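Open the model in your viewer and keep the selection panel at hand. The tour goes stop by stop.

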Amino acid sequence: MNKTTVKELYNKIFKKILHTQILDDVSLDKEFVRKYIEDPLFLKQLSSMVKKKDYSCQAVYSLCQGIIVNIDKEHNPTNWIHQVYQFTLSKSFPETVNLSFKDISSNCRKTFLLYLEILRVILKFQKSSGDPAFYSKFPLNFLTSDEKSKLENPAEYKRFLKAFNDKYVYEMMKLSQEILKFNTLDHICGVNWIALFVGRQLYNLGLPVDLGRISGAAAGHDIGKYGCKDIEVERTPYLHYYYTDMWFKKHNIPYIGHIAVNHSVWDLELENLPLESLILIYSDFRIKNSNNGHKEKMKIFSLKDSFQVILGKLDNVDEKKRKRYCRVYEKLKDFEDYMINLGVNVDVEDKEISSYKKDRNPYYPLMQGQEVIQNIKFLSIEHNINLMHELRNESSLNSLLELARSEKDWNNLREYLQIFNKYSTYLTQNQKMITLRYLYEQLTHPEDEIRRRSANLIGLLIASFDEDYRKEIPQNVTLKPPAITSINLLERYLKYFLQPDHKKIALHQSRIINSTENMISSLFSNCRNNYQVSNYRKIILKHYKKHLYTDEETQLCLIKTAKHISICSDEKSVKVLFDYVIKMLKKENHNLRLTALEVIYDLITQIDKEFRFINNLRKIFTGNISASVLPAENYLNMKIVELLGLDESMVKKYIEFYRKDIEKIQYIFLSNLKTSTSGIIKKIQIELLLEHTLKSKQEEIYTALHFCNILKVSGIEDIRNLAGKSLVDLMPSLSFQQRNDIAIELLRALEMEDYQFTKYIPYYLGQLILYLTPNELEELIDDLIEKIKQSDPKLSSLLLRTIGIAITNYPKYRERFSEKEKSYENRLCKMIGILLNGFVHYNLKVKQAAFRVIGKEIFGSRHLSLEEKNHIFQLIAKKILTLLTPVTKEGLMFLINCIGLNYMYKFISDYNFFRGNINLETPDKIAFFPGAFDPFSLSHREIVKAIENLGFETYLAVDEFSWSKRTQPHLFINNFHI
């Protein structure tokens, strides 16, 4: 034993206990305390403790017992340490304490505080004493002064440290471990050690990691386990999340608490979590108890071994649950591989922080097989980390929103909205409130699509606003109602939608009111449970009271919105809605009347035929049978009476009204092209024309051209989309020549029309061209290749999306035309080549459009199966990795890359989970073709083709000598990869 060590510890105790603040807290006389500490017996006991390395709570009590007895004359040593534990526990979780402190004397309280202060000094000394305990080998230490000074927002971390110290949390955990024999302290120390061990390395590598959040969340992530009551002990693994959340909220530590509480998010997508959460989940995963005879001992496992331990301890592990845990493990393994790839040392046992920095610009073109897949994952993880850093708090979110506000190009603004949509899961409630305000501003945007996306996002954010506890709630606990709920938000925003500020101009008010339908549709589509559906319905139906809104625009908005409201089996609860629909049905305004009919047509199929509402409809349709001057109304009346099951004679009368309109069908065509014809009439008449044309099999080309014209010129987004969908449905009925004419017509429209209109065409044109014969499709694709090279960025972007939609629907082409597999495959490669050429285009807008299509339209497609996506991935993976040139962590291209890589990562993860590992073929023969390539000529290309025909994968290498000749390979090198 080193006497210097003992003296050092003695001096620390002396200094601590004789500090004025401590003496004031425990109300002790300084000389009294000094006399006790300077007693040789105290030093002798302290020396014995250090010699034996016995830093237990009991040993510290023996050290202090003399002074404790002197302070508290009624001191009872029986169960005293347990009382100290209960005392510390009461500071964090008073409701968990099973002792009453009301009758405890003030002198006894003084002994508790004095003991805890001495215990704190000794436990701090223990961390560097070489003690064999797990929590000494991996001590719970916090950030250094230098690290604290570099925190972006140190205030919250300081609040955490203050609460942790003031409430004697570490001392509480130590006492608990000795008294209750649960080694939670070991686990927390191990998690904290790993989290800071890898976190510091990532910070040194320049990654945007907040060490304060990591430190606080790791140290506090399981603090809720001490809040569980005796009767809840068996449910502690499930209940401690609630108590952890309660502790952090109590001390106003929201961001650290948010990460700490979500440290086991099996039901969240790991690729959408911030780096701090990933580190905590990873660290928590690796620290588990191992069975050592009859005693469990904490141990740091490898990721793989820890996963096996977890599976062995899980309750009721069925195949579904096992697979879910397997999936989380695979994603954590990807994160670990990413860290190792950066040069991070994840072998915690050696405790050496790696100073090795791996080359952050790897040679992607030389990679093969699994290395390609791994690096695509790494790029996705890195982009996600940087993006989540942009959403780390209100301030950073506001900065991102300001960039979106300043964006003039609606296409670029769409990318920001896509980011908010995809990453909304992890936004805090305050951030969601900020985002809602921004989205409401966008409802006055001149572009239909921006308004639609913004309204849809508002519905999504409201539906996902409530922070439900995903884990178990303690028995007899009623959650305190939050300051604001999604119901409150819905009430507020419904008023904003239906009663816009009178200071807004009339056009903007109209746009906001007409966005209600999209918002409500999104709201119900994203509801998570019946409770939400029921409460949202009650709030919305309040606006359907009679005479609440008298202006026709709001009434029209409400009746259009009605078809998106979820209908329940209890007619009384939705009676006000049914009454409103019937009221609108009797209006003189034909727009209101027709919209009500459309809603009725949808409702009849959803509700019980015994509802009074159905009987009321039967009375209305049998009471006054007469033809309308509007063909659209006659058409809907006929469709409704067929569903109502009226007498055949009555149905025939309505059918006769419809037939008379069909005899004057040319007037229907003509009215659809008039700007004076209302949107609802056009919409119904499009459906009428499609049904009639398909049944009669006459004038198909005339109807198709009519739909083409609407798709090209209609100013209403819904009408354009309906015309496009109807055109796709009509395409099989056309002859091959007629199909070709339609495709050419729309291709020309892309070149001629204003972008405001042409942006809707690619989604339908991409599907339409797949009805062309193989020869015609081949010619059209060749034509597109040339057009993209010669066109301006806007047209090129439209053509790229057309190709992307065609690729997404291309598997259907096999069913329509019989051709050799090689021809089918070559055409697919050619279309993919067009996208890749766009991806290396010199114009940034074209480049953005190409990767947007690759990510969202192809790998994010709901039409392509995993096998079909895998086939495309085999063709495109290495090229994407090679061509995805480094971009800054700011700007639109970064956001597009984030989304695209996120879709690719999700595909890889899904395929590995459902189908097994993806196997990229590795070429057996590789050829290097060195040269200056200044320029890359047709002769060079033919040489490359000849080499590839011999079965080689060819690499063009600009040698060092050629570089010294001042060639400019960056002008053409991207083209080599195509």
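How are H41 and H42 oriented to each other, roughly parallel or roughly antiparallel? Select helix H41, residues 774-790, and helix H42, residues 793-809. This is a predicted model. The two helices pack at an angle of about 150 degrees. Angles over 145 degrees count as roughly antiparallel, and H41 and H42 are therefore roughly antiparallel to each other. Their axes lie 9 Å apart. The crossing of H41 and H42 is left-handed.

Now show the side chains of this contact. From H41, pick Leu784, Lys787 and Ile788. From H42, pick Ser796, Leu799, Leu800 and Ile803. By class, the contact of H41 with H42 has five nonpolar residues, one polar and one charged.

**The whole protein**

Zoom out. The protein has 978 residues, and 56% of them count as buried. Its secondary structure comprises 50 helices and four strands. Along the principal axes, the C-alpha trace spans about 115 × 85 × 55 Å. Take the contacts with a separation of 6 or more: residues 24 or more positions apart account for 71% of them.

Next, select helix H45, residues 844-859, and helix H47, residues 892-914. Their axes come within 8 Å and cross at roughly 25 degrees. That makes H45 roughly parallel to H47. The crossing of H45 and H47 is left-handed.

Which residues make the contact? On H45, display Leu844, Lys847, Gln848, Phe851, Arg852, Gly855, Lys856 and Phe859. On H47, display Leu892, Met893, Ile896, Asn897, Gly900, Leu901, Tyr903, Met904 and Phe907. Color them by class: the contact of H45 with H47 has 10 nonpolar, four polar and three charged residues. An α-helix has 3.6 residues a turn, so residues three or four places apart point the same way.

**A covered helix**

Move to helix H6, residues 80-92. H6 is mostly covered, with 10 of its 13 residues buried. Select the buried residues of H6: Trp80, Ile81, His82, Val84, Tyr85, Gln86, Phe87, Thr88, Leu89 and Ser92. What do they pack against? The partners are helix H5 (57-71), helix H7 (106-126), helix H11 (169-180) and helix H14 (236-250).

**Two lysines with positive phi**

Go to lysine 181, in the loop between H11 and helix H12 (184-204). Check its backbone: phi is near 70 degrees, a positive value in a residue other than glycine. At 65% relative accessibility, lysine 181 counts as exposed.

Then jump to lysine 697, in the loop between helix H35 (679-696) and helix H36 (700-713). Its phi is positive too, at about 55 degrees, although lysine 697 is not a glycine. Buried or exposed? Lysine 697 is exposed, with a relative accessible area of 63%.

**Leucine 730**

Select leucine 730 in helix H37, residues 717-730. Its relative accessibility is 0%, so leucine 730 counts as buried. Show its surroundings. Not counting residues up to four places away in sequence, leucine 730 touches Leu690, Thr693, Leu694, Glu700, Thr703, Ala704 and Phe707. For a distance, pick the C-alpha atoms of leucine 730 and glutamate 691. These residues are 39 apart along the chain, and the two atoms are separated by 9.5 Å.

**Proline 362**

Find proline 362 in the loop between helix H18 (319-342) and helix H19 (370-390). Proline 362 counts as partly exposed, at 27% relative accessibility. Which residues does proline 362 touch, not counting those up to four places away in sequence? They are Met367 and Asn375. Proline 362 and asparagine 375 are 13 residues apart along the chain, and their C-alpha atoms are separated by 9.3 Å.

**Cysteines**

Finish with two cysteines. Cysteine 708 is buried, with a relative accessible area of 0%. Cysteine 898 is buried as well, at 2%. How many disulfides does the structure hold? The count is zero.

Terms used: Residues are numbered from 1 along each chain as its sequence is written. This is a predicted model: local features need pLDDT of at least 70, side-chain atom pairs count only at pLDDT 80 or more; totals for chains, interfaces and linings use all residues. Side-chain values use heavy atoms; hydrogens and water are left out. Axes are lines fitted to C-alpha atoms, for helices over the stretch in contact, and angles run from 0 to 180 degrees between N-to-C directions. Angles under 35 degrees count as roughly parallel, over 145 as roughly antiparallel, 65 to 115 as roughly perpendicular and the rest as oblique. A crossing is left-handed if the near helix is turned anticlockwise from the far one by less than a right angle, and right-handed if clockwise. Contact means heavy atoms within 4.5 Å. Ala, Val, Leu, Ile, Met, Phe, Trp, Tyr, Cys and Pro count as nonpolar, Asp, Glu, Lys and Arg as charged, and the others, Gly among them, as polar. Buried means under 20% relative accessible area, exposed over 50%, partly exposed in between (1.4 Å probe, protein chains only). A disulfide is a pair of cysteine sulfur atoms within 2.5 Å.
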